[in-house]
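Subject: Structure for you to look through

Hello,

Here is the structure I said I would pass on. Please open it beside this message and follow along; my notes come after it.

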Amino acid sequence: MEQAMGKIKAMVVDDSKIMRSAVKRALNQLMVADFEFVEAMDGEDALGKFNNEIEILFVDWNMPNMTGVEFAKAVRDKGNDQIPIIMVTAEKSMGKVDKALNEGGANEYVTKPFTADKMHKAISDYFDDDGNLITGDEDDNESKSFFKGILNS
Amino acid sequence: MNLDNLYELNQIPEEMIGKVRESVMNTFGSMTGEVPSYIENASSDDPLNGIVGNVTVFNSDHTLSLMLAIPRETAVYLSEVFIGMELPFESDDMGDLIGEISNILAGDVAANVEKVGFRGQSSLPTAMRGSDLMLFMPNKPPTEKMKFSSPNMEFWLTMVLSESK
């Protein structure tokens with residue numbers, strides 16, 4: 001089957017089905033893009049489902065089998081430098097934020113419970129007005145995202 | 001805060017209780033838009049008809065266990081606010097929801113108690129549903145039971161501080 005033009009393939013990784021639904025609902029309500037979702041229940045499941053069609057990742061931290069940070073690091077270690085990784089997690093301490101952004105290679109950090117506004121701030125810079133994913137200069141994104149991640153936390 | 005002599009403690013340090021209380025109010029306030037009030041001297045040994053969400057914040061020395069006791073009516077209300085629809089109380093999704101709420105609370109507690117010197121990480125949450133539930137603490141570790149209430153919610157949090165085994 002042919003994929004509809006403009007659909008952004010997003011993976012939502014969370015061991016809570018309720019939270020996966022909440023993330024999907026929030027993203028659909030924001031209308032920054034037309035998403036098509038792939039769900040995974042932990043890092044191990046996500047790694048098995050991950051492929052080069054996935055364009056953006058929304059990842060919980062605290063999950064059985066493989067944590068979100070371990071999954072994010074595995075994705076980066078496979079050479080996926082450009083894919084935006086958004087941590088959506090209950091972990092709030094600065095040490096955790098630092099670990100996710102630096103060790104895991106995450107771009108953004110959204111703390112639960114999240115609001116639509118918080119999610120919008122985290123992802124809006126990654127999409128243009130037509131809902132297309134923007135892939136910009138890596139270094140620039142990296143430094144900008146670090147500060148955004150802190151602000152969003 | 002010094003936890004070196006935990007064996008000699010018969011209660012949880014007040015600053016730690018204060019931070020956990022603050023986290024409960026912050027977390028439920030953020031989730032529902034109504035900040036629950038802490039009800040002083042409201043300890044009750046009545047059995048619970050509802051759900052208990054369990055989670056811990058732990059390090060190699062100490063474990064802070066958090067048990068959220070949520071009556072059926074509050075659990076149903078939380079589902080309505082959190083996901084926009086009432087979940088059947090008996091459903092697996094309700095257990096998932098209360099587990100996730102416990103997880104969110106633990107994240108806030110972990111960040112908050114770090115400010116008074118307790119650095120730990122949160123465990124995965126569990127939830128159990130039942131009627132006539134009573135919480136028992138083997139070996140009587142330092143325990144604090146707190147009641148919270150708002151117009152649409154009523155729940156208890158029992159926190160227990162113990163040695164990590």
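Met31(A) counts as exposed because it has 10 C-beta neighbours inside 10 Å, and a residue is exposed at 12 or fewer.

Please keep in mind that this is a predicted model.

Chain A overall

Chain A has 153 residues, and 42% of them count as buried. Its secondary structure consists of six helices and five strands. Read from the N terminus, the order of elements is β-α-β-α-β-α-β-α-β-α-α. Of the contacts in chain A with a separation of 6 or more, 67% are between residues 24 or more positions apart.

The sheet

The five strands of an open sheet in chain A lie in the order S2-S1-S3-S4-S5, with parallel pairing. Strands S2 (34–40) and S5 (108–111) of chain A are at the edges; each has a single partner strand, so one side of each has no neighbour in the sheet. From one strand to the next, the twist averages 20 degrees. Strand S3 (residues 56–59) and strand S4 (residues 85–89) of chain A run parallel and are joined by three bridges. Phe58(A) has Ile86(A) as its bridge partner in S4(A).

Helix H1 of chain A

Helix H1 of chain A covers residues 17–30. Its 14 residues should span 20 Å at 1.5 Å a residue, and its end C-alpha atoms are 20 Å apart, so the two values agree. Which residues of H1(A) are buried? They are Ile18(A), Met19(A), Arg20(A), Ala22(A), Val23(A) and Leu27(A). An α-helix has 3.6 residues a turn, so residues three or four places apart point the same way. The cover over the buried residues of H1(A) includes strands S1 (7–13), S2, S3 and S4 of chain A, and also helices H2 (72–83) and H3 of chain B.

In soluble globular proteins, nonpolar side chains tend to be buried together. The largest nonpolar core here has 75 residues, and those with the most contacts inside it are Val59(A), Ile86(A), Met87(A) and Leu66(B). Helix H3 (residues 92–113) of chain B gives the most to this core, with 11 residues. Beyond its neighbours within four places in sequence, Val59(A) is in contact with residues including Val13(A), Phe71(A), Ile86(A) and Met87(A).

How many residues of chain A are in contact with chain B? There are 14, and they are in contact with 18 residues of chain B. The chain A side of this contact divides into six nonpolar, four polar and four charged residues.

The peptide bond from Lys112(A) to Pro113(A) is cis, with omega near -5 degrees. Pro113(A) is in the loop between S5 and helix H5 (116–123) of chain A.

In chain B, Asp132(B) has a positive phi near 55 degrees and is a residue other than glycine. Asp132(B) is found in strand S5 (residues 126–133) of chain B. It counts as exposed because it has 8 C-beta neighbours inside 10 Å.

Regards

Note on methods:
Residues are numbered from 1 along each chain as its sequence is written. Chains are lettered from A and ligands numbered from 1 in the order in which they are written. This is a predicted model: local features need pLDDT of at least 70, side-chain atom pairs count only at pLDDT 80 or more; totals for chains, interfaces and linings use all residues. Two residues are in contact if their C-beta atoms, placed from the backbone, lie within 7 Å. Ala, Val, Leu, Ile, Met, Phe, Trp, Tyr, Cys and Pro count as nonpolar, Asp, Glu, Lys and Arg as charged, and the others, Gly among them, as polar. A nonpolar core is a set of buried Ala, Val, Leu, Ile, Met, Phe, Trp, Tyr and Cys residues joined through C-beta atoms within 7 Å. A residue is buried if 20 or more other C-beta atoms lie within 10 Å of its own, exposed if 12 or fewer, and partly exposed in between; C-beta atoms are placed from the backbone. Helices (H or I, at least four residues) and strands (E, at least two) are DSSP runs, numbered from the N terminus. Two strands pair if DSSP finds at least two bridges between them. Axes are lines fitted to C-alpha atoms, for helices over the stretch in contact, and angles run from 0 to 180 degrees between N-to-C directions. The expected span of a helix is 1.5 Å times one less than its number of residues.
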